[in-house]
Amino acid sequence: MAALKSCTVCLRESTLRLPRHNDGYRRRSAKWRSPRAAIIPNFHLPMRSFEVKNRTSAEDIKSLRLITAIKTPYLPDGRFDLEAYDDLVNMQITNGAEGVIVGGTTGEGQLMSWDEHIMLIGHTVNCFGGSIKVIGNTGSNSTREAIHASEQGFAVGMHAALHINPYYGKTSLEGLVSHFDSVISMGPTIIYNVPSRTGQDIPPRVIHTVAQSANLAGVKECVGNDRVEQYTEQGIVVWSGNDDQCHDSRWNHGATGVISVTSNLVPGLMRDLMFGGKNPSLNSKLLPLMDWLFQEPNPIGLNTALAQLGVVRPVFRLPYVPLPLKKRVEFVNIVKAIGRENFVGEKEVQVLDDDDFVLVSRY
């Protein structure tokens with residue numbers, strides 16, 4: 001009975017007091033204030049930069065010489081062929097690549113859903129993150145999407161993010177700075193400048209502004225070696241984004257290395273090109289392969305070549321289609337000239353018939 005009385009007293013004391021009419025009127029007349037969380041800059045959810053696992057500093061990324069923009073292979077129904085993908089990454093590690101770009105242009109991130117994209121980044125980290133640096137392409141022309149994808153990428157353990165400037169719906173130079181500032185706080189970042197794809201150059205003054213952040217690892221630069229040297233003379237790390245210029249970028253203009261497409265095919269030779277000192281003879285030997293790879297927009301040439309080498313299935317997600325028969329014959333001759341032993345895989349290079357290729361429009 002005593003307990004019941006005590007409970008009754010508690011209920012009475014905790015009874016809500018209804019507001020008086022005048023009090024309610026004063027509250028409705030008060031000035032409305034926005035929720036504080038909405039005005040805190042860089043308020044990222046669900047992951048904050050200090051919460052990420054597998055933490056890597058920008059300095060760890062700056063030292064990488066050979067980074068491969070890894071290809072994403074497919075099954076006949078258009079889903080990821082993770083077994084073939086794992087073999088490709090293993091071949092990169094075995095032949096001395098130090099990093100991979102996952103879901104970049106070469107890896108066809110533009111044809112992936114974000115779920116696929118983040119899954120592949122997480123898979124790469126979990127399987128190979130202890131042996132090679134995993135750099136996730138989490139850039140977007142939407143700042144909101146770039147923030148969300150980067151949060152998720154760092155949450156699953158990627159070591160760094162690759163960010164492009166907003167394309168198609170281009171913004172002002174001030175908008176570029178704001179876009180990059182919104183994502184760079186989350187972790188080590190490489191900014192990718194490729195005006196031929198975005199339709200807009202990222203000028204040096206934007207990079208210099210963003211470089212005030214310790215998280216800027218460097219720039220993947222496709223404008224040319226004059227721009228590369230301009231940055232390296234001012235202490236900004238640069239990777240050449242042009243395979244056919246990367247030898248001179250590295251040894252004559254101060255570039256740290258290359259983010260390469262060609263290294264998907266000949267990782268050992270590309271490592272020699274970046275680590276072995278000036279080697280114009282090797283560079284000249286590889287130039288016909290590089291020219292062949294980029295005669296059509298990347299990754300059409302690479303996808304065709306890897307299928308001919310038998311290391312991936314000849315499956316293309318549309319709108320990409322294989323190179324025509326004449327070009328496939330040219331590739332066979334290039335492989336013979338360079339030496340089959342220098343290319344990935346163990347099967348003999350084949351021309352392949354047109355009917356061997358599978359084009360997937362829905363996946």
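In this predicted model, strand 3 and strand 4 run parallel and are joined by three bridges. In strand 4, alanine 161 is the bridge partner of glycine 136, and strand 3 makes a right-handed β-α-β unit together with helix 6 (residues 143-155) and strand 4.

**Strand 3 and its other neighbour**

- Strand 3, which spans residues 133-137, is mostly covered, with four of its five residues buried.
- The chain reaches strand 3 from strand 2 by way of helix 5 (residues 114-128), and this β-α-β crossover is right-handed.
- Strand 2 and strand 3 run parallel and are joined by four bridges, and within this pairing valine 102 stands opposite glycine 136 of strand 3.

**The barrel**

- Eight strands close into a barrel with parallel pairing, and their order is 1-2-3-4-5-6-7-8.
- When direction is ignored, neighbouring strands of this sheet are turned by 25° against each other on average.
- Strand 6 (residues 216-221) and strand 7 (residues 238-240) run parallel with three bridges between them, and valine 219 has valine 238 in strand 7 as its bridge partner.
- Helix 7, made up of residues 173-184, lies across strand 4 (160-164), strand 5 (189-193) and strand 6, and its direction is at about 165° to that of strand 4.

- Helix 14 covers residues 300-308 and is mostly covered, since nine of its nine residues count as buried under the cut-off of 20% relative accessible area.
- The buried residues of helix 14 include Ile300, Leu302, Asn303, Thr304 and Gln308.
- These buried residues pack against helix 4, helix 13 (280-293), strand 9 (315-317) and helix 15 (325-338).
- After helix 14 comes glycine 310, whose phi is positive, near 80°.

**Three loop residues**

- Glycine 96 is found in the loop that connects helix 4 (82-94) with strand 2 (99-102), and it counts as buried because its relative accessible area of 15% is under the 20% cut-off.
- Setting aside neighbours within four places in sequence, glycine 96 is in contact with Leu66 and Arg271.
- Although glycine 96 and leucine 269 are 173 residues apart in sequence, their C-alpha atoms are 9.7 Å apart in space.
- Asparagine 215 lies in the loop between helix 9 (204-210) and strand 6, and it also counts as buried because its relative accessibility of 17% is under the 20% cut-off.
- Not counting residues up to four places away in sequence, asparagine 215 touches Ala58, Ile184, Ser185, Met186, Gly187, Pro188 and Thr189.
- One of these residues, methionine 186, is 29 residues from asparagine 215 in sequence and 8.1 Å from it in space, C-alpha to C-alpha.
- Aspartate 354 has its place in the loop between helix 15 and strand 10 (358-360), and it counts as exposed because its relative accessible area of 53% is over the 50% cut-off.
- The C-alpha atoms of aspartate 354 and proline 324 are separated by 7.9 Å, while the two residues are 30 apart along the chain.

**The protein as a whole**

- The protein has 15 helices and ten strands, and buried residues make up 52% of its 363 residues.
- Of the contacts between residues at least 6 apart in sequence, 71% join residues that are at least 24 apart.
- The protein exposes about 17,600 Å², and carbon and sulfur atoms supply 51% of this area.

**Confidence in the prediction**

- The mean pLDDT of the protein is 90, and 85% of its residues reach 70 or more.
- Over residues 3-21, however, pLDDT stays under 50, and for this stretch the model has one contact beyond four places in sequence.
- Residues 23-27 also have a pLDDT below 50, and beyond near neighbours in sequence this stretch has one contact in the model.
- Where pLDDT is low, the predicted coordinates should not be read in detail.

Key:
Residues are numbered from 1 along each chain as its sequence is written. This is a predicted model: local features need pLDDT of at least 70, side-chain atom pairs count only at pLDDT 80 or more; totals for chains, interfaces and linings use all residues. Side-chain values use heavy atoms; hydrogens and water are left out. Helices (H or I, at least four residues) and strands (E, at least two) are DSSP runs, numbered from the N terminus. Buried means under 20% relative accessible area, exposed over 50%, partly exposed in between (1.4 Å probe, protein chains only). Contact means heavy atoms within 4.5 Å. Two strands pair if DSSP finds at least two bridges between them. Axes are lines fitted to C-alpha atoms, for helices over the stretch in contact, and angles run from 0 to 180 degrees between N-to-C directions. A crossover is right-handed if, with the strands pointing away from the viewer, the path from the first strand over the helix to the second runs clockwise. pLDDT is the predictor's confidence in each residue, from 0 to 100. Accessible areas come from the Shrake-Rupley method with a 1.4 Å probe; for residues, only the protein chains shown count as cover.
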